[in-house]
Number of protein chains: 2
Amino acid sequence: MPWGRISGSLNTPKVEVAIDMGNPFLNRTVDGFLKIGVVGASKVAAEETYHCIKGGNVSKAKVKDALGKMCKEGFYWGTVAGVYVGMEYGMERIRGRRDWKNAMLGGAMTGALISAASNNARDKVIVDAISGAAVATAAEFLNYIT
Amino acid sequence: MPWGRISGSLNTPKVEVAIDMGNPFLNRTVDGFLKIGVVGASKVAAEETYHCIKGGNVSKAKVKDALGKMCKEGFYWGTVAGVYVGMEYGMERIRGRRDWKNAMLGGAMTGALISAASNNARDKVIVDAISGAAVATAAEFLNYIT
């Protein structure tokens, strides 16, 4: 049959860097760090590209600035994700169950930890823990819906 | 065997308000709105409770203020979630596949829509769309890891 179909496919950037640390806890943390770090860096890349297109001029300094931002935000997102994934896994092991309460507790611990690491006041740390718990719970619930 | 075990269980607040709108698209949207709206309201409730405990005094005006905030934030979170769930479901129907690209596209549409609805400038709408896409993609990836 000479009538072929034209099939277009958008190649998706696959992030498949598996690093085995010999420990499921560490594996997940590193995995989360890498995957979500790439997402964070991509977000900055997309934003900076938009700004460059809009501004119309691409200078060397701007690209350098964008790269610096990518590294910084990618690292930040990666850290948050790594800590969260590790915490959630830890909660699962401690509680012996998988449900949304793991996400809530993991989110709260992550929020508190990241906030404390950024030298925030005690008040801010607790509010961040609450926010982290809420965001993680919401993300978990969204999964059940879709 | 007279030796029973003491089993404690924390009763979790279950949000089981199923409203059938007769359409899977609407059902999901309403479901997302209700579930995540409750999470948003709970976040404010927890925050306000912390502030009250810390401040030491609970006045009528404060409780009223907290309730107002709960409604407002609950509504906001609910709207974002409802739009996102609807968008993701729509993407799934259009693309005929379930993968992280649905989350990315749904997140971008949601970010743009919510931002445009808040009367933001065109620039802000696009940047919000990028952020929405990144956050949704990250949330989707986190699922695969854990």
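Q: Helices are DSSP runs (H or I, at least four residues), numbered from the N terminus; in which helix is A:Gly78 found?

A: A:Gly78 is found in helix 2 of chain A, which covers residues 60-95. This is a predicted model, in which local features need pLDDT of at least 70, side-chain atom pairs count only at pLDDT 80 or more, and totals for chains, interfaces and linings use all residues. Residues are numbered from 1 along each chain as its sequence is written, chains are lettered from A and ligands numbered from 1 in the order in which they are written, and side-chain values use heavy atoms, with hydrogens and water left out.

Q: Is A:Gly78 buried or exposed?

A: Buried means under 20% relative accessible area, exposed over 50%, and partly exposed in between (1.4 Å probe, protein chains only). A:Gly78 counts as buried because its relative accessibility is 0%.

Q: Which residues are in contact with A:Gly78, leaving aside its neighbours within four places in sequence?

A: Contact means heavy atoms within 4.5 Å. With those neighbours set aside, A:Gly78 is in contact with A:Gly32, A:Phe33, A:Ile36 and A:Gly37. As for A:Gly111, 33 residues from A:Gly78 along the chain, 14 Å separates the two C-alpha atoms.

Q: How many aromatic pairs does a search of the whole structure find?

A: A pair of aromatic rings is described by the distance of the centres and the angle of the planes. Rings of Phe, Tyr and Trp (its six-membered ring) pair if their centres lie within 6.5 Å; planes under 30 degrees apart count as stacked, over 60 as edge-to-face and the rest as tilted. Over all chains, the search finds six aromatic pairs. One of them joins A:Trp100 and A:Phe141 edge-to-face, at 5.6 Å centre to centre and 70° between the planes. Because A:Trp100 lies in helix 3 (residues 100-117) of chain A and A:Phe141 in helix 4 (residues 122-145) of chain A, this pair ties together parts that are 41 residues apart in sequence. Both A:Trp100 and A:Phe141 are buried.

Q: What is the angle between the planes of B:Phe25 and B:Tyr89?

A: The planes of B:Phe25 and B:Tyr89 stand at 45°, with the ring centres 6.4 Å apart, so the pair is tilted. B:Phe25 lies in helix 1 (residues 24-55) of chain B and B:Tyr89 in helix 2 (residues 60-95) of chain B, so parts 64 residues apart in sequence are tied together. B:Phe25 is partly exposed, with a relative accessible area of 38%, whereas B:Tyr89 counts as buried at 10% relative accessibility.

Definitions and conventions
Helix = DSSP H or I, 4+ residues; strand = E, 2+ residues; numbered from the N terminus.
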